[in-house]
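Welcome! Here is a short tour of a protein fold, meant for someone meeting it for the first time. Please keep the picture at hand as you read.

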Amino acid sequence: MPSPAPLTPMLVAELVGGIYEAALDPCLWQSLVDRIEAIYPEITVALFSHESHVPSAALNIRANFSEAALRDYSAYHFSTSPYVDFVPRNGVGQPVRTEAIISDEELFRTEHYNDFMLPHGVGRYGTGMVLERDPGGWASLSLADRRNDVDRRDHQMQLLRLLAPHFGRAFKLRRTLMDSRMAGQAQQAVFDGWMHAAFVLDRDGRVMTMNRRADALVIRGDCLVLNRFGQPRSFDDKCSRALETAFAACRASADAPIRAVDDPGGVMLPRRAGASALHAMLWPISSAAEFNLPSLPGQVLLVVSDPDDTPPGAVAWIARRFGLSPSEERLAEAVIAGVPLSEAAERLGIQLSTARTRLKTIQAKTDCHRQMDLVRLAMSVPTLRLV
């Protein structure tokens, strides 16, 4: 077997780049493992993660390690491995030779060697290191040869020492990205539970993200569509211009504090089928956390509601939770549905001044200092509470 090529700066740089690329895109771990195998042809390479010592699907990359071997290892033989037992004693990022873990004489007597390594042709002349370890589990990289090539293993140890700090940084980056993605998925689930269609728009009015109701609204195409720039538009040119004007006003105040008297502006959006028009409300977003949004802050939140199809459960839950009177609940329902306060007063047969006073009482009880806060509270009521 020929000796591996010298560890030139170009080769090391290629592998280091591959490590960081794989941390950002997990699909590239296999390319990295294949590149290592190309340096040491016919070697068994395993990049595994374990949770509570049990193999995990989160990271399972290998070369010259058969599906049958993986199946037997995952089903049982991880529990017989002296190398797994050694992991808690080995420092993270410290390359080690297999003979430092267990001697040949001891290995030959183990169930792991006789029932797993021999049947699957896994070599016993190996090197490896722990890449990451925390209370929940660990990840490791192992290289295993069938023949005892001292020079080749010296070469592997040298390579592992060079790559160790980069693996450490890459796995921290990988963990940060995984945590971020999980948080984003949780936030998206909340966003998808909102009772109205909602879009987060960037400074150019393009959709950054939307919830499920918004996605369904766009797919139907009877009210809103996205133009070639990804901006929401009505099929009615006049309404599209009104939407653009309202968006521009929100964008202008996006970085300024929202005054307590500010209420959402509205644009009525007709539907092709002749059904009741939908109501679009726009607010500047001062922070993503304010709306519990699953992305970085956009500039404007666009919420499209159907006054005739507002699930009553959220308003009923708010009324029970905050002790709203029946008349306050009816006004809250109208406001949350996107009905302008003057129109809500007319519908309820009360004076506009009475509606304003009643709205202030509702806001005080719910600790919603702005009309937009009340709408947001209703939109964020979990679906389970609406049943």
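Helix α3 (residues 67-75) lies across β1 and β2, and its direction is at about 155 degrees to β2. Please bear in mind that this is a predicted model. From here we can look at the sheet, then at the other helix, and finally at one residue in β1.

**The sheet**

- Five strands make up an open sheet, and their order is β2-β1-β5-β4-β3. The pairing is antiparallel.
- At the edges you will find β2 (54-63) and β3 (96-97), each of which pairs on one side only.
- Strand β1 is joined to strand β5 (residues 137-145) by eight bridges, and the two run antiparallel.

**A closer look at Val 45**

- Val 45 belongs to strand β1, which covers residues 44-51.
- Val 45 has a relative accessible area of 0%, so it counts as buried.
- Leaving aside neighbours within four places in sequence, the contacts of Val 45 include Val 33, Ile 36 and Glu 37. Also among them are Ile 61, Arg 62 and Ala 63, as well as Leu 141, Ser 142 and Leu 143.
- Val 45 and Ser 142 are 97 residues apart along the chain, yet their C-alpha atoms are separated by 5.8 Å.

Terms used: Residues are numbered from 1 along each chain as its sequence is written. This is a predicted model: local features need pLDDT of at least 70, side-chain atom pairs count only at pLDDT 80 or more; totals for chains, interfaces and linings use all residues. Side-chain values use heavy atoms; hydrogens and water are left out. Helices (H or I, at least four residues) and strands (E, at least two) are DSSP runs, numbered from the N terminus. Buried means under 20% relative accessible area, exposed over 50%, partly exposed in between (1.4 Å probe, protein chains only). Contact means heavy atoms within 4.5 Å. Two strands pair if DSSP finds at least two bridges between them. Axes are lines fitted to C-alpha atoms, for helices over the stretch in contact, and angles run from 0 to 180 degrees between N-to-C directions.
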